[in-house]
Amino acid sequence: MPESNSSKRRLAAAVQFSLVLNSDAIFDILDEDPLVDREVQHMERTGIITLFPFGGRHGCAKELHNLAVKGINLFTVFKILRAVAIGRANLEFTKCPEHYRPGFLTAKMLHEFAVNPENEMSESFIEEALSKGDECYGVCDGDRLASYGWYSFRPTRIDPPDLQLRFNHEYVYMYKGFTHVRYRGQRLHAIGMTLALQHYLDRGYSGLVSYVESNNFNSLKSVARMGYEEFGSIYLMRTFGRYLTHASRGCESFGFAVEEMSLEPGGL
């Protein structure tokens, strides 16, 4: 029986994925080119590669990378997650404007805020997050929720929802950062995240870890401004009903890895 077009497309995407992961071949081909020596050294050190790793000097690298990722996603799920960490508070973001009230949100407050769909926080999400001990640090403007971020100490469900992220227990995983459109441009997320970081550092944690999708260039710029540093990448792709995943070398020391969810409840 001939293969379906869908199967052929998935197979083609899988081949592209394997080529992306074959960083040694990239290094062998480009190792003698002095123009890319600096980029090669960086990739060898961190294990971070991109679909177009040496296109930066042409000004269209971001567009090419974004098109490549979106193109593969026409046929199957494909993501490159840039892993980031921060272990020191940026003093620039440690002071909140006086008319705002920063702090951890109680379960009662969270359920009240969930009533407003503009806050992008459903009742089911809150119940699942709280059931695994996650905490939410928010910045409020009176009785309005201006900005928030969630913090987890346990493996946490990501997107796609049948995958979960694991990380070193010395760190806290920051996810679902949000600022209401009315309050954007005031760096409230950066302030809230930095104040939460200070709290966890005081509790003895080494810092925060998180990830940003490789083609979300605005968010990558934002987390860098906050003080996060990239330490690796996770490549994932769904093919023939299963996920292929690969974590670059830098992820190992942070215990940063993606795995398929078990049938037992508990992720987010």
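1. In this predicted model, Cys-140 has Leu-145 of strand S4 as its bridge partner. Cys-140 itself belongs to S3, where it is the bridge partner of Arg-101.

2. Strand S2 (residues 101-104) is joined to S3 by four bridges, and the two run antiparallel. S3 and S4 also run antiparallel, with seven bridges between them.

3. The structure holds one cavity of 30 Å³ or more. The space in the largest cavity amounts to about 40 Å³. Its lining includes Tyr-137, Gly-138 and Val-139, together with Ser-147, Tyr-148, Gly-149 and Tyr-151, and also Leu-188, His-189, Gly-192 and Met-193. Strand S3 (135-141), strand S4 (144-152) and helix H7 (188-202) are the elements that give two or more residues to this lining. Six of the lining residues are nonpolar and five are polar, while none is charged.

4. Two residues call for a check of their backbone angles. Most residues other than glycine have a negative phi. Glu-120, however, has a positive phi of about 50° and is not a glycine. Glu-120 lies in the loop between helix H5 (107-114) and helix H6 (123-131), and its relative accessible area of 48% makes it partly exposed.

5. Phe-240 likewise has a positive phi, near 55°, and is a residue other than glycine. The loop that holds Phe-240 runs between strand S9 (229-239) and strand S10 (242-247). With a relative accessible area of 53%, Phe-240 is exposed; the cut-off for that class is over 50%.

6. Most peptide bonds are trans. The bond that joins Asp-159 and Pro-160 is cis, with omega about 5°. Pro-160 is placed in the loop between strand S5 (156-157) and strand S6 (163-166).

How values were computed. Residues are numbered from 1 along each chain as its sequence is written. This is a predicted model: local features need pLDDT of at least 70, side-chain atom pairs count only at pLDDT 80 or more; totals for chains, interfaces and linings use all residues. Side-chain values use heavy atoms; hydrogens and water are left out. On a 1 Å grid over the protein atoms alone, a cavity is a set of points where a 1.4 Å probe fits but cannot get out, and a pocket is an open set with protein on both sides within 12 Å along at least five of seven lines; lining residues have an atom within 4 Å of a point. Grid points are joined across faces, edges and corners, and a volume is the space filled by probe spheres set on the points. Ala, Val, Leu, Ile, Met, Phe, Trp, Tyr, Cys and Pro count as nonpolar, Asp, Glu, Lys and Arg as charged, and the others, Gly among them, as polar. Buried means under 20% relative accessible area, exposed over 50%, partly exposed in between (1.4 Å probe, protein chains only). Two strands pair if DSSP finds at least two bridges between them.
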